[in-house]
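The structure comes first, and the notes follow.

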Amino acid sequence: MKERIAIVSGYRTPFLRAATDFKDLDADDLAAFVLKQLMLLSGMATSSVDEVILGNVAQPSKAANVSRVSALKAGFENHIPAYSVQRNCASGMESVSTAINKILVGKADTIVAGGTESMTNIPFLFSRKMKSFFENLMKAKTPLKKLGVLSSFKFHYLAPVIGLVDGLTDPICGQIMGITAENLAKEFSITRLDQDKYALHSHQKALAAQESGFFQQETIAVPAGFESLVSTDNGPRSDQTLERLQKLKPYFDRRYGTVTVGNACPITDGAAAMILKRESDAKRDHDSILGYIRDYDYAGLEPSRMGLGPVYATAKLFKRTGITLADIDAIEMNEAFAAQIIANLRAFESESFSKHYLGLDKAIGEVNMDTFNIHGGAIALGHPVGATGARLLITLLHTLKKINKQRGLATLCVGGGQGASFIVEVD
């Protein structure tokens, strides 16, 4: 990019397991809370923002444009436009890269970007037969005709199309995301023990981060009902043990599989947002800068191997920018599944994989695990799909400041067979 983009300020809600304290809040409600607090804590006026862009995957039925509804609820003026973007798990990053493009071509100076998801409230859909039944009932004009339609009703019409399951199943390869993780476990010979050990470490690191107060600097409290505020992620489990993880049965391939609900990310609700400006503008305005986005890239691959998106996107980004793994001081990779994480780590260091699949002469390099997901990841914290990309960027910048290093890589896999990678920096 011709100029770094400054993240002036960035916050997120706590990430909560589905059907817990955020169960009564839709995606637009969660985003409105974080947008309002973001502007208050930054000290910037909403009128100084040119546009609001939010990522979201499962659009609430009551909010056809989640970003616009959220912005108005948060107090943004009517004349400030807003729109929503969707790139599955990378939706929170897509909002940021879309904002970057608009800023760099001079279409805007200041944009609020982020993402939001209420996975609790992903809707159930009626079957086509039930839909047809309702349509015929509405068309019937006389009581006798309505009675005739009612008499045609069959109880099996009520069987719902479950939005969450349907949305997490790839329509091209026909596999639910958990099976794509099983594919990688087989391809890279990843054992159940490998996955459970990784999952346990994710919880342990997240708990340590909570105890140290690390997440407090990026999290805003959200009202849960009339009498309480939620300020802490509820995914990390203090009672998690390897023995407990080992007792869980495979969830997606019940006969031969190794992926369980314990070594995969939980279904989660949450939102995150940040303010973006050109570096030169932010410094001119004496803004308090959290960090910078140096560059980004996206890549595509087979939907059945979608979990390898990080290695594909990172290889593409490194090749174009000339940056190498040796230049990276910390990495945040979204933990959709432990198998997916381990597969990427092995692919990063595999010369044969790099030559065969990435068109490189040598391996990208071996990841230093001391700099990888230092404060845990989505297996513990959760993965509200529209918000995670933004959360990774915010967490990574705080991590770099904590360890007194300069450059980091935020990356994730994307349902449908894509990957996203961002390089961020701090002064």
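## Basis

Helices (H or I, at least four residues) and strands (E, at least two) are DSSP runs, numbered from the N terminus. The model is predicted, so local features need pLDDT of at least 70 and side-chain atom pairs count only at pLDDT 80 or more, while totals for chains, interfaces and linings use all residues. Residues are numbered from 1 along each chain as its sequence is written, and side-chain values use heavy atoms, with hydrogens and water left out.

## Thr399

Thr399 is part of helix H15, residues 388-403. With a relative accessible area of 1%, Thr399 counts as buried (under 20%; exposed is over 50%, partly exposed in between; 1.4 Å probe, protein chains only). Setting aside residues up to four places away in sequence, Thr399 is in contact (heavy atoms within 4.5 Å) with Phe214, Ala330, Glu332, Ile374 and His375.

## Val57

Val57 sits in the loop between strand S3 (51-55) and helix H2 (66-73). Its relative accessible area is 27%, and Val57 is therefore partly exposed. Beyond its neighbours within four places in sequence, Val57 touches Gln86, Asn88, Ser91, Glu117, Val385 and Gly386. From Val57 to Thr191 there are 134 residues in sequence and 31 Å in space, C-alpha to C-alpha.

## Lining of the largest pocket

On a 1 Å grid over the protein atoms alone, a pocket is an open set of points where a 1.4 Å probe fits, with protein on both sides within 12 Å along at least five of seven lines; lining residues have an atom within 4 Å of a point. The largest pocket has 33 lining residues, and Val261, Ala264, Cys265, Pro266 and Ile267 lie nearest its centre. Helix H6 (163-167), helix H7 (177-187) and helix H14 (378-381) each give two or more residues to this lining.
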